[in-house]
Amino acid sequence: MSERGTQTFGDPDDYAAAFGDARVNLTIMGAGDFTARLTRLKLRHLEVCWCRESLPRIAYISLPPEQIVLSFPIGGASPLFGGSALRNGNIVVHSRGERMHQRSNGVCQWGMMSFSAEQLANCGEALTGQPIASPHVSRVLRPTRAEALGFQRLVRHACHLADSGRNLIGRPEVARALEQEMLYAVVHCLAADDADDTAKTRHHHAAVMVRFEEVLTKHIDRKLNMPALSAELGVAERTLRMCCAEVLGVSPSRYLLLQRLNRARASLRRADPSTATVAEVARNNQFLEFGRFAVTYRRIFGESPSTTLQRNSQE
């Protein structure tokens, strides 16, 4: 039985919660109203998503351990994976249960596809004569132009079917044929791949950043300084700054500030303006200087915190 459809979001948290088994935390970095469209098609053994987003952001993504997940840019405005720019046609094959950072610098489109390791092994054996094992570490695939175009064409076709009013995808034979075609396209891309298997430094930096996120979660209600962060991570301050600049595109302190501002914005969006105050929300998110908070908030999001709070009374 297939599941399909497109959802439109104006709240980053609602959008992040719509990814199913993958856990996504978004930190918005640009001014304006965030909007996103998520098209999902879930077949018997495979799921594909097409994501379209309006603002620059950093995403920290935890993938399900029981699935193999691919992520890939769609179109010209591509996200960065682990600090590495992805070209149109590149495909990231993630390790099972991987936790990783992905960021965008503005409007972007990208996709995800997931399936079981058993399905990949079976399809690989049917097409190449030997099973394809799930990767131990993530790999950036660079398939041939023909293979990449074929893969993207299938993804777009599947998402357009999911978004269509015609219920072709609800017919078992259509869903089965489409799923088989997409799995075969993945196997061909893997077989034709010129892979990036030498990025040991990238994997090391990614591991530091995962520990960084764990420390931030552990101390979510505290303001942390660089010496305390570095000591708990067991890395030099210089290393932490370098990893954050590469993977996040901002310094550790800037990322901490953006996370707190995003939490404050989420609280303001959900608060009752008849009872809540901006000062209260600011204090709850460790902003003790109200004037500085208001100025920084406006600079990042393009509106004052009081405007965000009052929106609830106007909607």
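The protein exposes about 15,100 Å², and carbon and sulfur atoms supply 49% of that area; accessible areas come from the Shrake-Rupley method with a 1.4 Å probe, and for residues only the protein chains shown count as cover. This is a predicted model, in which local features need pLDDT of at least 70 and side-chain atom pairs count only at pLDDT 80 or more, while totals for chains, interfaces and linings use all residues. Residues are numbered from 1 along each chain as its sequence is written, and side-chain values use heavy atoms, with hydrogens and water left out.

## Overall fold

Eleven helices and twelve strands make up the secondary structure of the protein. Helices (H or I, at least four residues) and strands (E, at least two) are DSSP runs, numbered from the N terminus. The radius of gyration is 21 Å, close to the 20 Å that the globule rule gives for 315 residues, so the protein is as compact as a globular protein of that length. That radius is taken over C-alpha atoms, and the globule rule is 2.2 Å times the number of residues to the power 0.38. Along the principal axes, the C-alpha atoms fill a box of roughly 65 × 50 × 30 Å.

Of the 315 residues, 51% count as buried (buried means under 20% relative accessible area, exposed over 50%, partly exposed in between, with a 1.4 Å probe and protein chains only). Among contacts with a separation of 6 or more, 74% are between residues 24 or more positions apart; contact means heavy atoms within 4.5 Å.

Q119 is an example of a buried residue, with a relative accessible area of 15%. Q119 lies in helix α2 (residues 117–128). Leaving aside neighbours within four places in sequence, Q119 is in contact with H45 and L183.

## Charges and salt bridges

The protein has 39 positive and 32 negative side chains, and the centres of the two sets lie 5 Å apart. Lys and Arg count as positive and Asp and Glu as negative, while His and the chain ends are not counted. The place of a charge is taken as NZ of Lys, CZ of Arg, CG of Asp or CD of Glu.

Side chains of opposite charge can pair when their charged atoms come close. A search of the whole structure finds 13 salt bridges, a salt bridge being a side-chain nitrogen of Lys or Arg within 4 Å of a carboxyl oxygen of Asp or Glu. Three of them are listed here.

| Pair | N to O distance |
|---|---|
| D14 and R270 | 3.9 Å |
| D33 and R311 | 2.9 Å |
| E237 and R241 | 3.8 Å |

The D14 and R270 salt bridge links distant parts of the chain, with D14 in helix α1 (residues 12–17) and R270 in helix α8 (residues 252–270), 256 residues apart. D14 is partly exposed at 42% relative accessible area, and R270 is partly exposed at 46%.

D33 and R311 also meet in a salt bridge. Their pair links distant parts of the chain: D33 is in the loop between β2 (23–28) and β3 (36–42), and R311 is in helix α11 (residues 305–314), 278 residues away. D33 is partly exposed at 45% relative accessibility, and R311 is partly exposed at 21%.

E237 and R241 both lie in helix α7 (residues 237–247), four residues apart, about one turn of the helix. E237 is partly exposed, with a relative accessible area of 31%, and R241 is partly exposed at 39%. Elsewhere, salt bridges that share partners join D11, D13, D14, R269 and R270 into one network.
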